[in-house]
Amino acid sequence: MTVAERTPLVEMRDISVAFGGVHAVRDVTIELYAGEVVGLVGGNGAGKSTLMRVLSGAHPADSGATLIDGTEVAIRNPRDAKAYNIETIYQTLALADNIDAPGNLFLGREMLTRIGTLDESGMEDATRKVMGRLNPNFRSFATPVVSLSGGQRQAVAIARAVHFNARILIMDEPTAALGPAETAQVRNLIRQLKDDGIGIFLISHDIHDVFDLSDRISVMYHGRIVDTVDKAAVTADDVLGMIILGKKPGEVSEKELAAIELRG
Ligand SMILES: Nc1ncnc2c1ncn2[C@@H]1O[C@H](COP(=O)(O)OP(=O)(O)OP(=O)(O)O)[C@@H](O)[C@H]1O
Ligand SMILES: [Mg+2]
């Protein structure tokens with residue numbers, strides 16, 4: 001089957017969101033297929049997080065439609081999003097610092113024993129199982145996550161999403177706070193999730209992350225999509241030009257190119 005014949009995992013159609021007079025997102029249409037990473041890039045305030053907050057149920061759209069597997073759905077809150085197997089991983093991770101990895105994996109969705117007490121060993125076993133696949137070197141199952149590295153904390157957050165059957169993963173700057181080794185670790189995790197058939201929206205300011213991991217790249221500028229391109233069809237400079245100028249490569253004049261010093 002060609003891509004055109006497959007049904008996208010997610011389609012957001014003509015989505016708009018305004019905050020008072022600020023048009024944060026304007027008529028944005030974007031699609032995501034299973035096993036695909038779509039990089040979402042753009043300058044500060046371009047509307048990336050707001051668009052993804054619509055998909056994660058954190059903010060309603062003023063207009064437009066969201067389809068999952070080709071069917072229009074109403075995502076009114078984060079719980080609705082979870083019911084559609086949409087999980088979100090933010091840069092500022094919502095982990096409970098003073099509890100361990102299993103406790104965080106099951107935070108708010110705890111496993112209970114038959115007599116209604118916390119099933120600590122069941123939760124630890126499940127955590128070991130998912131971590132064994134994602135990050136076999138992870139050993140810190142009884143350590144409060146506050147003393148884990150940034151990369152390990154990301155692994156815990158990703159394990160949580162995977163355990164709860166994420167099909168659609170939104171990652172908003174997942175490597176922004178990480179050092180090079182930890183960034184490499186998270187990149188490996190993203191590749192694994194993609195191989196598992198999960199569709200990922202990846203917001204990042206790091207053009208290397210985006211080029212390394214994405215299949216397609218959508219560029220936002222002042223709330224609009226400038227273009228969505230196949231990674232293989234563009235250069236990093238093309239994408240930087242779209243981010244900075246809000247125009248497709250063919251629409252940019254030599255003068256504009258020179259002004260932003262992409263060449264030289
Ligand atoms: N809750 C809010 N109330 C008012 N305005 C908001 C709110 N959230 C976002 N905005 C505005 O909407 C626009 C888009 O913001 P958004 O956070 O989506 O951008 P972004 O592309 O994620 O930027 P960054 O790369 O800096 O994270 C900005 O002008 C921002 O100030
Ligand atoms: Mg943002």
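Tutor: Let's start with what a helix or strand is here: both are DSSP runs numbered from the N terminus, with at least four residues (H or I) for a helix and at least two (E) for a strand. This is a predicted model, where local features need pLDDT of at least 70, side-chain atom pairs count only at pLDDT 80 or more, and totals for chains, interfaces and linings use all residues. Residues are numbered from 1 along each chain as its sequence is written, while chains are lettered from A and ligands numbered from 1 in the order in which they are written.

Student: Okay, ligand 1 then. What makes a residue part of its surroundings?

Tutor: Its C-beta atom, placed from the backbone, has to lie within 6 Å of the molecule. The residues around ligand 1 are Phe19, Val22, Ala24, Gly42, Asn44, Gly45, Ala46, Gly47, Lys48, Ser49 and Thr50.

Student: Which element gives the most to that shell?

Tutor: H1 does, with 3 residues. Strand S2 (22-32) and helix H1 (48-55) each supply at least two. By class, the shell has 4 nonpolar, 6 polar and 1 charged residues. Nonpolar means Ala, Val, Leu, Ile, Met, Phe, Trp, Tyr, Cys or Pro, charged means Asp, Glu, Lys or Arg, and the others, Gly among them, are polar.

Student: What makes H1 "mostly covered"?

Tutor: In H1, 8 of its 8 residues are buried. They are Lys48, Ser49, Thr50, Leu51, Met52, Arg53, Val54 and Leu55. Just past the end of H1, Gly57 has a positive phi of about 80 degrees.

Student: How do you know that a residue such as Ile200 is buried?

Tutor: Count C-beta atoms, placed from the backbone, within 10 Å of the residue's own: 20 or more others is buried, 12 or fewer is exposed, and in between is partly exposed. Ile200 has 23 such neighbours, so it counts as buried. You'll find Ile200 in strand S8 (residues 199-203).

Student: What does Ile200 touch?

Tutor: Skipping neighbours within four places in sequence, Ile200 contacts Val37, Leu169, Met171, Ile190, Leu193 and Lys194. A contact is a pair of C-beta atoms, placed from the backbone, within 7 Å.

Student: And Lys231: buried, exposed or partly exposed?

Tutor: Lys231 has 19 other C-beta atoms within 10 Å, so it comes out as partly exposed. Lys231 sits in the loop between S10 and H8. Its C-alpha is 6.8 Å from that of Phe211, though the two are 20 residues apart along the chain. Beyond its neighbours within four places, Lys231 contacts Phe211, Ser214, Asp215, Arg216 and Ile217.

Student: Why is Asp69 called partly exposed?

Tutor: With 13 other C-beta atoms within 10 Å, Asp69 lands in the partly exposed class. Asp69 is in the loop between strand S4 (63-68) and strand S5 (71-73). Asp69 isn't a glycine, yet it has a positive phi of about 50 degrees.

Student: Now some helix pairs. Why are H5 and H6 called roughly parallel?

Tutor: Helix H5 (residues 150-163) and helix H6 (residues 180-195) have axes that cross at roughly 20 degrees and come within 8 Å. Under 35 degrees is roughly parallel, over 145 roughly antiparallel, 65 to 115 roughly perpendicular, and the rest oblique. H5 and H6 are therefore roughly parallel. The contact uses Gly150, Gly151, Gln154, Ala155 and Ile158 of H5, plus Glu182, Gln185, Val186 and Leu189 of H6. That contact has 4 nonpolar, 4 polar and 1 charged residues.

Student: How do H4 and H5 pack?

Tutor: Helix H4 (residues 120-134) packs against H5 at about 110 degrees, with the axes 10 Å apart. That makes H4 roughly perpendicular to H5. The axes are lines fitted to C-alpha atoms, for helices over the stretch in contact, and angles run from 0 to 180 degrees between N-to-C directions. Ala126, Thr127, Val130, Met131 and Leu134 of H4 meet Ala155, Ile158, Ala159, Val162 and His163 of H5. By class, the contact of H4 with H5 has 8 nonpolar, 2 polar and no charged residues.

Student: Last one: which residues of H8 are buried?

Tutor: In helix H8 (residues 236-245), Val239, Gly241, Met242 and Ile243 are buried. The buried residues of H8 pack against elements including strand S3 (37-41) and helix H9 (254-259). Just after H8, Gly246 has a positive phi of about 70 degrees.

Notes. Two residues are in contact if their C-beta atoms, placed from the backbone, lie within 7 Å.
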